[in-house]
Amino acid sequence: RYNAEYGALSQVLVCDNIGWRPQSRKIVVLTTDAKFHADVDPWGLHGVSNKPGWDEKCYGVAANTKYLREKNNYPSRAQIAKHFKEKNIIPIFAVAHNARDTTTPSEFVYWQQFQRMNVGFGATVPLSDNSDNLIDLIVEALTKFNQEIALVITKDAKKIITQIRNDRNQGSVQAGASYTGVSPGTTKDFKLTLFSTSPVIPAVDLVLTSPGFGSTVITVTSKFPCEDCARIAGGTKKWDRCDECGGADKCIGCDNVAFSGKVYDKCGVCGGGNLCTRECEKGKVDSCGVCQGQNLCLGCDGV
């Protein structure tokens with residue numbers, strides 16, 4: 001059995017009028033006894049699974065109606081997980097067993113897999129049939145959060161992070177890494193492994209978030225050393241001024257500035273607009289591009 005929990009979650013995560021205080025620790029508690037509809041869920045809306053995905057807009061309480069009217073599909077697991085990470089919101093999924101649903105995995109495992117494998121933090125807790133343990137579950141989860149430090153990747157446009165690990169070598173790029181049972185004032189280290197096949201990484205920003213605490217930005221700039229350039233390109237080639245291994249400074253403009261884009265106009269002016277004499281406008285420009293010139297740039301071989 002599936003319900004539209006993702007519709008509600010999507011709006012809590014993207015609508016700005018929820019009322020969070022700027023410095024508050026943001027926690028969302030969801031109670032359910034069903035699995036969630038998602039974009040690849042075969043049931044979909046009206047049984048249709050080929051509609052466009054969620055547009056990540058805020059529709060408020062009319063979210064599910066809006067999905068139907070505009071024929072959008074439910075959000076994907078990746079979309080919901082991304083917004084939990086980016087908005088620094090901690091989920092508590094309180095899941096009760098539905099005796100009428102005998103399919104596997106169970107409702108609890110369904111949500112737990114999403115929380116652990118996609119979101120990477122928060123908690124999935126077993127809700128009793130009459131929900132009388134809900135408050136105890138929330139208190140237990142909050143106690144756990146106060147003793148846990150997690151680190152997840154919220155921005156890596158170039159996909160250069162290949163590993164994120166704690167000191168027990170546990171963690172994954174998708175779900176991040178974490179420590180439990182952490183006492184106040186304790187420092188914990190996380191290890192990132194970066195890899196790129198590009199010889200130059202020009203100032204890429206990586207954003208890492210510790211849910212419930214905040215985010216940090218790491219700017220990565222990298223270039224293979226000259227010996228690696230020579231090994232990759234062959235021979236004794238080195239970096240040119242355009243950061244191209246074995247290049248010929250092709251990005252240098254006529255003003256001797258990299259990537260300026262400036263070239264000589266027909267009047268021989270660097271970055272000019274051909275604003276020279278009418279004689280040049282009539283075509284009296286020599287082979288060297290100089291107005292009224294005498295081809296003095298040409299060698300005896302005509303080059």
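Q: Okay, let's start with Cys251: is it buried or exposed?
A: Cys251 is buried, with a relative accessible area of 14%. Buried means under 20% relative accessible area, exposed is over 50%, and partly exposed is in between, using a 1.4 Å probe and protein chains only.

Q: Where do these values come from?
A: This is a predicted model, where local features need pLDDT of at least 70, side-chain atom pairs count only at pLDDT 80 or more, and totals for chains, interfaces and linings use all residues. Residues are numbered from 1 along each chain as its sequence is written, and side-chain values use heavy atoms, leaving out hydrogens and water.

Q: Back to the cysteine. What does Cys242 form with Cys251?
A: A disulfide, with the two sulfur atoms 1.9 Å apart. A pair of cysteine sulfur atoms counts as a disulfide when they are within 2.5 Å. The link of Cys242 and Cys251 is left-handed, with -100° about the S-S bond. Cys242 counts as buried too, at 12% relative accessibility.

Q: How many disulfides are there in the whole structure?
A: A search of the whole structure finds three. Another one joins Cys254 to Cys270, S to S 1.9 Å, and that link is right-handed, with 90° about the S-S bond. Both cysteines lie in the loop between helix 6 (226-233) and helix 7 (278-281), so the pair ties together parts that are 16 residues apart in sequence. Helices (H or I, at least four residues) and strands (E, at least two) are DSSP runs, numbered from the N terminus.

Q: How accessible are Cys254 and Cys270?
A: Cys254 is partly exposed at 21%, and Cys270 is partly exposed at 28%.

Q: And which cysteine does Cys15 pair with?
A: Cys15 is joined to Cys58, S to S 2.0 Å. Their link is right-handed, with 105° about the S-S bond. This pair links distant parts of the chain, 43 residues apart: Cys15 sits in the loop between helix 1 and strand 2, and Cys58 in the loop between strand 3 (35-36) and helix 2 (63-70). Cys15 is buried at 5%, whereas Cys58 is partly exposed at 40%.

Q: New topic: why is helix 1 called largely enclosed?
A: Because eight of its 10 residues are buried, helix 1 is largely enclosed by the rest of the structure. Among the buried ones are Tyr6, Leu9 and Leu13.

Q: Which residues have the most contacts inside the largest nonpolar core?
A: Tyr6, Leu9, Ile80, Phe84, Phe93, Trp111 and Phe114, in a core of 33 residues. A nonpolar core is a set of buried Ala, Val, Leu, Ile, Met, Phe, Trp, Tyr and Cys residues joined through side-chain atoms within 4.5 Å. Elements giving two or more residues include helix 1 (5-14), helix 3 (77-86) and helix 4 (107-119). Strand 4 gives the most, with six residues.

Q: What does Phe114 touch?
A: Not counting residues up to four places away in sequence, Phe114 touches Tyr6, Phe36, Arg77, Ile80, Ala81, Phe93 and Val119. Contact here means heavy atoms within 4.5 Å. There's also a second, separate core of 11 residues, including Ile160 and Leu206.

Q: Last one: how do strand 6 and strand 8 pair?
A: They pair in the antiparallel sense over three bridges; two strands pair if DSSP finds at least two bridges between them. Ile149 stands opposite Tyr179 in strand 8. Strand 6 is mostly covered, with five of its seven residues buried.
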